[in-house]
Amino acid sequence: MKTTNSSTILFRNTMRITDGHLDGFRHAIAQAVAFAQEHGPQLMVDVFIDEERMLAHSFQLYRDSDAIRAHWRLSDPYIREVMEHCTVQHFEIFGAPDHDIVAAIKTPDGESFPFAISPRLAGFNRLETPGQGESPS
């Protein structure tokens, strides 16, 4: 089995929604995702909610560590708004982010939270786009 040489990084963020904040959380997430879709560097963003347990799971796929840095610069106000309605319960990173990315994993207010990093073992993706001027076959 060949190990993929991909630089993609997947974030999985499990958030506990604060009691009484479900509507505010929904609104803040909707704004953040709309902003990311329009301006963000993410290849994919998906957020799932478990209302019964008041948990939400956000998945974000990045091309590389530079895309994560760009996301953090652009989206800070939206991240802060979401964090007014939840706390990070657990954060998982799949892939190999640069060391400065790992060192910067904190809330917008600088608080730490539990996280784990799982390096890539094997896989593939179909995210590559044809080069400039090439037509898809």
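Contact here means heavy atoms within 4.5 Å. Helices (H or I, at least four residues) and strands (E, at least two) are DSSP runs, numbered from the N terminus. The structure is a predicted model, in which local features need pLDDT of at least 70, side-chain atom pairs count only at pLDDT 80 or more, and totals for chains, interfaces and linings use all residues. Residues are numbered from 1 along each chain as its sequence is written, and side-chain values use heavy atoms, with hydrogens and water left out.

**Overall make-up**

- The protein has 3 helices and 5 strands, and along the sequence they follow the pattern β-α-β-β-α-β-α-β.
- The protein has 137 residues, of which 32% count as buried; buried means under 20% relative accessible area, exposed over 50%, and partly exposed in between (1.4 Å probe, protein chains only).
- Of the contacts between residues at least 6 apart in sequence, 76% join residues at least 24 apart.

**The sheet**

- An open sheet with mixed pairing is formed by 5 strands in the order E2-E3-E1-E4-E5; two strands pair if DSSP finds at least two bridges between them.
- Strand E2 (44-50) and E5 are the edge strands, each pairing on one side only.
- On average, neighbouring strands of this sheet are turned by 15 degrees against each other, direction ignored.
- Strand E1 (residues 9-17) pairs with strand E4 (residues 86-94) in the antiparallel sense over 8 bridges, and Arg16 has Thr87 in E4 as its bridge partner.
- E4 and strand E5 (residues 115-118) run parallel and are joined by 4 bridges; here the bridge partner of Phe94 is Ser118 in E5.

- H2 lies across E1, E3 and E4 and runs at about 10 degrees to E1.
- For these angles, axes are lines fitted to C-alpha atoms, for helices over the stretch in contact, and angles run from 0 to 180 degrees between N-to-C directions.

**The H1-H2 pair**

- Helix H1 (residues 22-39) packs against helix H2 (residues 65-83) at an angle of about 165 degrees, and their axes are 8 Å apart.
- H1 and H2 are therefore roughly antiparallel to each other, since angles under 35 degrees count as roughly parallel, over 145 as roughly antiparallel, 65 to 115 as roughly perpendicular and the rest as oblique.
- From H1, the residues Phe25, Ala28, Ile29, Gln31, Ala32, Phe35 and His39 meet Leu74, Ser75, Tyr78, Glu81 and Val82 of H2.
- By class, this contact of H1 with H2 has 8 nonpolar, 3 polar and 1 charged residues; Ala, Val, Leu, Ile, Met, Phe, Trp, Tyr, Cys and Pro count as nonpolar, Asp, Glu, Lys and Arg as charged, and the others, Gly among them, as polar.

**Trp72**

- Trp72 is in helix H2 and counts as partly exposed, because its relative accessibility is 26%.
- Leaving out residues up to four places away in sequence, Trp72 touches Phe11, Ile79, Ile101, Ala104 and Ile105.
- Trp72 and Pro41 are 31 residues apart in sequence, and their C-alpha atoms are 9.9 Å apart in space.
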